Amino acid sequence: MDKSSEHLKAVWAQIKIPVILRRTGNGEKLRMRSPDGLIDDSWLTGSKQRRLTWISHERCFEAPKLWFNHLVERCLEGWKAVYVIQPYREQEKCSPACMNATGHECQCSCMGMNHGAGNDGSWFEVTEAFATRWGERELACRLMVRR
């Protein structure tokens, strides 16, 4: 298990600050844990018609993806902070001139990482001066605090 996985598990398990897990897979819903084990969701859902679904074996709620902003706002209002665990993909930028270079001098944003390596098919060449590719999907955690 890598350090970031351990950190995410620790954030999910802690009981001081609510945590929202944004899941983006087809049919997956948001998951949320509250610090005090709140099971009555009426204040959290507010004026919304639907209720959250309590998943007892996970000790968390499930909610529609469209509720993300609402849940963040309610958590910030009620607890003044919320952790958000969400998927992201890092974007790499380079240029075909750099990838196809033959010398050693590199002035590209890749800092020489792709210099002279060519395009293995993973890069999308937007123009002669710009190419991009996306990394693997990973999870990241951020702490949002009410101002």
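This is a predicted model: local features need pLDDT of at least 70, side-chain atom pairs count only at pLDDT 80 or more; totals for chains, interfaces and linings use all residues.

Modeller: Let's start with one residue. Leaving out residues up to four places away in sequence, Arg 31 touches Trp 12, Val 19, Ile 20, Leu 21, Arg 23, Glu 58, Cys 60, Phe 61 and Glu 62. By contact I mean heavy atoms within 4.5 Å. Residues are numbered from 1 along each chain as its sequence is written, and side-chain values use heavy atoms, with hydrogens and water left out.

Colleague: OK. Is Arg 31 buried or exposed?

Modeller: Arg 31 counts as buried, because its relative accessibility is 16%. The cut-offs are under 20% relative accessible area for buried, over 50% for exposed and partly exposed in between, using a 1.4 Å probe and protein chains only.

Colleague: And what does the side chain of Arg 31 make a polar contact with?

Modeller: The side chain of Glu 62, at 3.0 Å. A polar contact here is a pair of N or O atoms within 3.5 Å; within protein, one must be able to donate a hydrogen and the other to accept it, and residues adjacent in sequence count only if both atoms are side-chain atoms.

Colleague: Which strand is Arg 31 found in?

Modeller: Strand β2, residues 30-33. Helices (H or I, at least four residues) and strands (E, at least two) are DSSP runs, numbered from the N terminus. β2 runs antiparallel to β4, with three bridges joining them, and Met 32 stands opposite Phe 61 in β4. Two strands count as paired if DSSP finds at least two bridges between them.

Colleague: What else joins β4?

Modeller: β3 does, again antiparallel and through three bridges. In that pairing, Thr 53 stands opposite Glu 62, the residue whose side chain also contacts Arg 31. As for the faces of β4, both are covered: Cys 60 and Glu 62 are buried on one side, Phe 61 and Ala 63 on the other.

Colleague: What's in the turn between β3 and β4?

Modeller: Those strands form a hairpin with four residues between them, and Arg 59 in the turn has a positive phi of about 55°. Most residues other than glycine have a negative phi. Arg 59 isn't a glycine, and it counts as partly exposed, because its relative accessibility is 46%.

Colleague: Where else is there a positive phi?

Modeller: At Lys 80, where phi is near 75° and the residue is again other than glycine. Lys 80 lies in the loop between α3 and β5 (81-88), and is partly exposed, with a relative accessible area of 44%.

Colleague: Tell me about α3, then. How many residues does it have?

Modeller: Twelve, residues 68-79. From first C-alpha to last, α3 reaches 16 Å, close to the 16 Å expected at 1.5 Å a residue; the expected span is 1.5 Å times one less than the number of residues. Its buried residues are Phe 68, Leu 71, Val 72, Arg 74, Cys 75 and Leu 76.

Colleague: And why is β5 called largely enclosed?

Modeller: Because seven of its eight residues are buried, so the rest of the structure largely encloses β5. Strand β1 (residues 19-21) runs parallel to β5 through three bridges, with Val 19 opposite Tyr 83. Strand β9 (residues 138-145) pairs with β5 in the antiparallel sense over eight bridges, and there Tyr 88 stands opposite Glu 138.

Colleague: Which strands form the open sheet?

Modeller: Three of them, in the order β6-β8-β7, with antiparallel pairing. β6 (91-94) and β7 (124-127) are the edge strands, each pairing on one side only. β7 pairs with β8 (residues 130-134) over three bridges, and Thr 127 stands opposite Phe 130.

Colleague: Now zoom out. How many helices and strands are in the protein chain?

Modeller: Four helices and nine strands. Along the sequence, the pattern reads α-β-β-α-β-β-α-β-β-α-β-β-β. Of the chain's 147 residues, 35% count as buried. Among contacts with a separation of 6 or more, 59% come from residues 24 or more positions apart.
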